[in-house]
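Here are a few notes to go with your first look at this model. Have the sequence and the 3D view open while you read.

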Amino acid sequence: MQFERKPFKMTGSITAIIQLFEPKIQEKNLKLIKNYDTSIPLILLGDPVRLHQILINLVSNSVKFTSNGSITIDVEMLHQDENEVIIEFKITDTGIGIAEDKIDHIFENFQQATSDTSRLYGGTGLGLAIAKQLTEQQGGTITVKSILDKGTTCSVIMPFQKSKLELEPETEIIEMDPEMKGIKVLVVEDIALNQLLMKTLLDDYGFECDFAGNGKVAINKLENNTYDIILMDLQMPEMNGFEAAQHIRYNLNSNIPIIALTADVTTADLRKCKAAGMNDYISKPVNEKLLYAKIIDLLKKRIPGKEPIRSKCIDLTYLSNRTKANPELMKEMIRLYLDQTPVLIGIMKKGLAENDWDTMHSAAHKMIPSFSIMGIRQEFENLAKMVQEYSGTHQHPDKLPELILQLESICLQACQELTEEYNLINNSQR
Amino acid sequence: MTSDKKILVFLVDDDALFLKSLEIDFMANTAYEIKTFATGEACLKNLSDNPDVIILDYYLDGLDKHAINGLIALDRIKATNPHIPVIMLSSQDKIDVAVNCMKHQAFDYIVKSETAFLRLQKAITIAFHYQQMEKALSWYMEKM
């Protein structure tokens, strides 16, 4: 794992973190004490984003588990020589504390904190594990001292390089694209900690994510769920990333975008990834901005209309699973779709012509479940969702005609393909 | 539920495709007997069949503006027989809709998705569990 080494202001980092928690601290009527060692050089070299991640985790724990008293943040320079300084960050609270026999385990909890636990606890309990990993990988140490019912002190000791460089302009904030919401990402990654790191990143983007521990699990998940994009680790047990990508492209016939994740830049052979059918690759540790840009780039390319997609838009795998491939049931479902969908499109267009928001909204709403039933890709379902949202909130009237047009063309295509499937099933029954 | 008696489930949705897909799921399990209705009105007319559980779409008046919506249907079911558990279905994952359903005494609220059937099954199991507890409770109360 690699960390950035860029010049940053330590005071700025600490202030930013305090600002983040000030409202919560005030709300809980706690006292905030900050002791900052002014002998710390103004500009240091390091990875401010990771440092923020570590400190935010620790401070948020302290604030969460303290109901009266104070939170103290000490930043002290323990040592310096020509090239580097060693800084201790100490976060002390007067909260509930941790029992002695539990202290050794609080860093380990992440082992069981898979997506299940994080769903239950909203990401808590993972913080310390992440903080520890991030600290230690930067050559630091993290320790916790605590007395039950009295309070806890977390200490992070970490080296930073001295710098004579000027600060780069601050461009840390990722520009979010408001159109790109509710993206479903499948992360194929065998190491739990990396899964967590990826989850925190994707949560920040506002994306949903699901995990698979190896290529085989990923393929299973792809057969039963729809995703917008896959992030694929290359080295995994059972089935590695190259094999999995090949299987997805050539056996599942899916053109879902795949970004390869690789720990070692030198072995990241873009050609090998491309040969396996992957669209792009990114090296670990993942740069937030770059990953976001790559995801958005690939997804935008796939928005219909920009690229002639003449591949099949339907996929009856799901329907076939649901009906246990019973031809009569499959035919019945297809017939229902063929009956219902053109009517809904008609209603939607009529609503558009008459400026009747409610009608457009209802028709789009009714159409939504049919996409997943007929295995029509998420991006097309999103068109219906956008029509539903815009007409429901009376927004973007200028965008609706185009959206409805796209929706009509995809539904027509689906109807055509389904008619063919229907006839195929019919013929095979004879 | 005794094993020889099937669980009678009413499925009410004006989305024929989704209705059918649910029906297929339920039919795969022989413990269920299914009746489907495209409108709340049709469901209400058949309440005399004494369904064990009703699965009701929230948005029944979407396309037919004169049809009763899911909440009105829910209220009328509850007025007729407050003991039938009603599970609401909607394709929208909205908290205010869910809360509203619960206030109208829905047993649960489930979003239409690929996993809707699994969650429905779970909800039905829980509903029957509650019913059994209530029955047991009233039995003990009478004994006392």
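1. One term first: a salt bridge here is a side-chain nitrogen of Lys or Arg within 4 Å of a carboxyl oxygen of Asp or Glu. Keep in mind, too, that this is a predicted model.

2. With that rule, look at Asp13(B) and Lys366(A): their closest N and O atoms are 3.7 Å apart, so the pair counts as a salt bridge. Five salt bridges turn up across the interface of chain B and chain A. There are also ten residue pairs in polar contact between the two chains.

3. Which part of chain B gives the most to the side touching chain A? That's helix H1 (residues 16–27), with eight residues. Sorted by class, this side of chain B has nine charged, eight nonpolar and five polar residues.

4. As for the extent of the contact, 22 residues of chain B meet 25 residues of chain A. Together the chains bury about 2,100 Å², and 61% of that is on carbon and sulfur atoms.

5. Now for the fold of chain B. Its open sheet has five strands in the order S2-S1-S3-S4-S5, paired in parallel. Strand S2 (32–37) and strand S5 (108–111) are the edges, each pairing on one side only. On average, neighbouring strands are turned by 20° against each other, direction ignored.

6. Zoom in on strand S4 (residues 86–90) of chain B, which is joined to S5(B) by four bridges. Here Leu89(B) stands opposite Ile110(B).

7. Finally, the helices. H1(B) lies across S1, S2, S3 and S4 of chain B, at about 170° to S2(B). Helix H5 (residues 116–143) of chain B packs on the sheet as well, touching S1, S2, S3, S4 and S5, and its direction makes about 170° with that of S5(B).

Conventions
Residues are numbered from 1 along each chain as its sequence is written. Chains are lettered from A and ligands numbered from 1 in the order in which they are written. This is a predicted model: local features need pLDDT of at least 70, side-chain atom pairs count only at pLDDT 80 or more; totals for chains, interfaces and linings use all residues. Side-chain values use heavy atoms; hydrogens and water are left out. Contact means heavy atoms within 4.5 Å. Buried area is the accessible area (1.4 Å probe) that two parts lose on being put together, summed over both. A polar contact is a pair of N or O atoms within 3.5 Å; within protein, one must be able to donate a hydrogen and the other to accept it, and residues adjacent in sequence count only if both atoms are side-chain atoms. Helices (H or I, at least four residues) and strands (E, at least two) are DSSP runs, numbered from the N terminus. Ala, Val, Leu, Ile, Met, Phe, Trp, Tyr, Cys and Pro count as nonpolar, Asp, Glu, Lys and Arg as charged, and the others, Gly among them, as polar. Two strands pair if DSSP finds at least two bridges between them. Axes are lines fitted to C-alpha atoms, for helices over the stretch in contact, and angles run from 0 to 180 degrees between N-to-C directions.
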